Amino acid sequence: MSEYILEMKNIVKEFPGVKALNDVNFKVKKGEIHCLVGENGAGKSTLMKVLSGVHPFGTYTGDIIYNDEVQQYKTIADSEEKGIVIIYQELALIPELSLYENVYFGHEIMKGKNIDWNETIVQGSEMLKKVGLDVDPSMKVKNLGVGKQQLVEIAKALSKNVKVLILDEPTAALNEDDSQNLLNLIRELKNQGVTSIMISHKLREITAIADTITVLRDGATICSMDCHEHEVTEAEIIKHMVGREMDNIYPKREKKEYGDIALELKDWTVEDPAKGREILHHVNINVRKGEIVGLQGLMGAGRTELALSVFGNPSGYKLTGGDVYVDGKQCHFKNPKAAIKEGVAYVTEDRKGNGLILIQDIRYNTTIANLESLTEGLAINQNEEIKVANEYKDAINIKAPSIEQKLSNLSGGNQQKVQLAKWMFVKPKVLILDEPTRGIDVGAKFEIYTLMNKLVEQGMSIIMISSELPEVLGMSDRLYVMSEGRITGEFTAEEATEQKVMAMAVKS
Amino acid sequence: MEKKNEKKGLGSEVAQIMKSNIRDYMMYIALVVIMVFFTWKTSGGFMQARNIANLINQAGYVAILAIGMTLILILVHIDLSVGYVAGFCGAVAAILITKYHINQWIAILVVLVLGLCIGLYQGTLVTRVGVPAFVTTLAGMFIFRGLLNLTLQDTGTIIIPNEGFNALSNGFIPDLPFGNGSIHILTLLIGVVAVILMIYSQLKQRNNKVKYNFAVPSMPVFITKMVFISVIIMAIIWVLASYSGLPWTAVIVGVVLMVYNYMLNKTRLGRYIYGIGGNAQAAELSGINVKKVTLFAFCSMSTLAALAGVLYTSRLQSATPTAGLGFELDAIASSYIGGVAVSGGIGRVTNTIIGTLVIMSLTNGMNLMGVDISYQYVVKGIIFIIAVAFDVRTRGKSK
């Protein structure tokens, strides 16, 4: 028997238009804690989904070898049967059920054709004790904090007789104490012989806990470092995470002239009532006319929440403090409409979810945010509307047979251009772009960058939220780094390096 | 989507159009099949002038409800209370006219305002309080059924001896003074004007599309379509004109239909309704006041329900405690048969009217055949389910 409990060999996984995993090799030793790191989009989650059967056998190429046998998982149930259990960042517990019911949810203990509740309670309590949860097993999951819910998930994994436990950013939503608890538990499980694979962005945790660290970048394995051979430093990990060449894919801007401050946030503090805690802490940022300001941070740093809370707060956060100024004037936006009226526009990161109306056509989506300007009396001037939609389609090169094309038939890049057309037609002063190039091909990216340059040259201000480091560095005149709801750094384009920015982004 | 018409065969173009619009054409095919079937089964009785006029009067209140319901369903809500709101409002109108001797037009106006208030109440619950529309209007179903019974508790069924009021759903438009009696000139005139207006607007739309290089059906296909629709309209008009003329109900439904069609297609409000139905979150982030638009839809629905109540009461010439039973099913079925997407965001009031004709032709035809009401419910339920299942399947494929 080899020393590796699990080997993934030459894994290639393609999505339409994207090669998410390109010849990845990943080896895990029996009984170790193996950390998997990489930027957003590096392929970590995809790799774990391949392993657990979410992407079933046949949709990828390459081999999964587990306990010296080649595996062909068709569903999650197949991999769980072999003892490979994955715990997602979004917990999969049923809030209204009790702890022991949750532990055995999906693999109930049966007596004949009925659930054996007595046995469930006895064994459930035991599992909960194993993870150090000293609470009444009959209480409902919703009454536990996130940290303890995470423990229930692990108890659930233990009840499935777990051999390899996969944790996807387990501490992302936890505070310091809960995180420490969880890490201790993972060490404890290691002593009991459980192998753990942990995806995390928090480098401090990783260096503290990992036996081996594997770095993924752009869908490929960059290196695998044994922490017992030499001490791996955070700087070393960062170097491997970002160490790609900066291609010449960012168009240069001809003139750079900055005007007055267009948008300023002072001491902006926001609480999420759903989570019951503060998610943004005293944020101070500003953007000048003619400037592209980058807002970098890893997923979960609070960037989208920041943008939404400023843009009329449609998610219903509690704005506990701070002020917004547009052109020096203090503003209170009670809904997105009010924000648009004052010249603030927000292009969402989730164009399918809350950006575009996919069952409608290009014309409809181009004008929907500014129909006021096309209305004469009661009716919309449809000739004028067609003219406008055609102008934007040509100006930013939306590739479609006509403006009557339904958006569901367009590629991601062209959908993104329609989003930009829609907000350009509003003619805002400040344009907030949230992950403007996510999921689109390189050619369309270049076009969008060029367009951004053109807009700021005309005096617009752009705040670009992005987790892609090269993009932020390549496009921004100035950039802020966010981590856990705080601004942890501010750099000018000249000062910023990938290492410096990444160090701030993983600071906690 | 068809390519711009290059030189390709007429046959293949028709096949292409049939294929990409199968959902819309099914509705017309169903209507024709139902009409032919009943004409055959009743030895021509179904297509007689008197029955056509009767059918229109019967369908009037359902059509009004279905137009309002179309908006609600596009927004992915539902209103189950419309039947008893209609019944209740009709009863209030009857009481106002018979007991308090209020002028019938003022009584109608009062009842429409009452409907608006009901809409405000239900819409506020849905948008501001956040009670799901299904629950709010299910409760409304109980509340207004109770109120209807309370209103008529002392009197039982009220007979309305008011000719003006009863004419709304039984009367016909007057003829021009120089009419010769055997044929209704004004009706013919309205028919001709309607056909001309329709052809003019369709032609204008087509030319506009050609101007912007959009895909249009080829000229022969376009002409065939125009001729087909014109012939159907004129045939119905001719049948009506040779009887007593156009029923008032048709005029009322026509006006409501035109207003709503204009609103949905030409105004911002209409755009917003489709937008919210298509993706409410995206609409909100585009600066649309989702709550306000939704509230409007509920107000419009209940006001139209009040109007439907007036028409129904006028039709029976009396207010009864059972008025409103099952109206919501007819209205919802009309909308879905007329092509409103179950997932929201898609639908046209003009097609909803065709859906109403399908449902009401079924009712009318089965009545003529003397089919027991219990069987009628079963048949209507089955047709409804088939229509929705067909909708779900065809839309699923086109994606």
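I began with chain B: among its contacts with a separation of 6 or more, 79% join residues 24 or more positions apart. A reminder to myself is that this model is predicted.

Next I looked up what chain B is built from, and I found 16 helices and two strands. Its radius of gyration is 22 Å, close to the 21 Å that the globule rule gives for 399 residues, so chain B is as compact as a globular protein of that length. I also noted the spans of its C-alpha trace along the principal axes, about 75 × 60 × 40 Å. Of the 399 residues in this chain, 41% count as buried.

Then I turned to where the chains meet.

Last, I checked some backbone angles. Most residues other than glycine have a negative phi. A:Asn397 has a positive phi, near 60°. I located A:Asn397 in the loop between helix H13 (382-395) and helix H14 (412-425) of chain A. Is A:Asn397 buried or partly exposed? It counts as partly exposed, because it has 14 C-beta neighbours inside 10 Å.

A:Lys427 is not a glycine either, and its phi is positive at about 55°. I found A:Lys427 in the loop between H14 and strand E21 (430-434) of chain A. With 13 other C-beta atoms within 10 Å, A:Lys427 is partly exposed.

Methods:
Residues are numbered from 1 along each chain as its sequence is written. Chains are lettered from A and ligands numbered from 1 in the order in which they are written. This is a predicted model: local features need pLDDT of at least 70, side-chain atom pairs count only at pLDDT 80 or more; totals for chains, interfaces and linings use all residues. Helices (H or I, at least four residues) and strands (E, at least two) are DSSP runs, numbered from the N terminus. The radius of gyration is taken over C-alpha atoms; the globule rule is 2.2 Å times the number of residues to the power 0.38. A residue is buried if 20 or more other C-beta atoms lie within 10 Å of its own, exposed if 12 or fewer, and partly exposed in between; C-beta atoms are placed from the backbone. Two residues are in contact if their C-beta atoms, placed from the backbone, lie within 7 Å.
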